[in-house]
Amino acid sequence: MPARPLPAPSASSVRTAFLTVKDAAEYLGLSPHTLYVWRHRRQGPPSFRMGPRGRVMYRVEALDAWVREQEQADSRSNPALNPLSVRPHERSARFTAA
């Protein structure tokens, strides 16, 4: 059976797949200024320039993935990183008082 061609994306799905800085900031609950600063420092969610005017854009799926990474990096969300759930290491003889 031949593969069916994928339907062309509709204008609304393209619009929602990419967010401007303002829309991405609203989506994340941050200020646009924060996203601009993070972009300048090469921090925060991945972004790119699109179009002849070079507007900074964010993919919704990249924002969601970035949020998940932040959750996993936080010890309050990730029990494996909680310092209270790890048994203390025994000090080596070199560091104990004689």
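Two strands are taken to pair if DSSP finds at least two bridges between them, where strands (E, at least two residues) and helices (H or I, at least four residues) are DSSP runs numbered from the N terminus. In this sense Phe 18 stands opposite Arg 59 in E3, within a pairing in which three bridges join E1 to E3 and the two strands run antiparallel.

The model is a predicted one, in which local features need pLDDT of at least 70 and side-chain atom pairs count only at pLDDT 80 or more, while totals for chains, interfaces and linings use all residues. Residues are numbered from 1 along each chain as its sequence is written, and side-chain values use heavy atoms, with hydrogens and water left out.

Read along the sequence, the chain follows the pattern α-β-α-α-β-β-α, with four helices and three strands. The three strands form an open, antiparallel sheet in the order E1-E3-E2. Strand E1 (18-20) and strand E2 (48-50) stand at the edges, each with a single partner strand, so one side of each is left without a neighbour in the sheet. From one strand to the next the twist averages 55 degrees.

On the other pairing, three bridges join E2 to strand E3 (residues 55-59), again in antiparallel fashion; here Met 50 stands opposite Arg 55, and Arg 49 stands opposite Val 56. E2 and E3 form a hairpin with four residues between them, and Gly 51 in the turn has a positive phi of about 85 degrees.

Helix H2 (residues 21-28) and helix H3 (residues 32-40) pack at an angle of about 105 degrees, with their axes 8 Å apart, the axes being lines fitted to C-alpha atoms, for helices over the stretch in contact, and angles running from 0 to 180 degrees between N-to-C directions. H2 is therefore roughly perpendicular to H3, a term that covers angles of 65 to 115 degrees. The contact (heavy atoms within 4.5 Å) is made by Val 21, Lys 22, Ala 24, Ala 25 and Leu 28 of H2 and by Pro 32, Leu 35 and Tyr 36 of H3.

For the chain as a whole, buried residues, meaning those under 20% relative accessible area with a 1.4 Å probe and protein chains only, make up 17% of the 98 residues. Among contacts with a separation of 6 or more, 38% are accounted for by residues 24 or more positions apart.

Definitions and conventions:
Buried means under 20% relative accessible area, exposed over 50%, partly exposed in between (1.4 Å probe, protein chains only). Angles under 35 degrees count as roughly parallel, over 145 as roughly antiparallel, 65 to 115 as roughly perpendicular and the rest as oblique.
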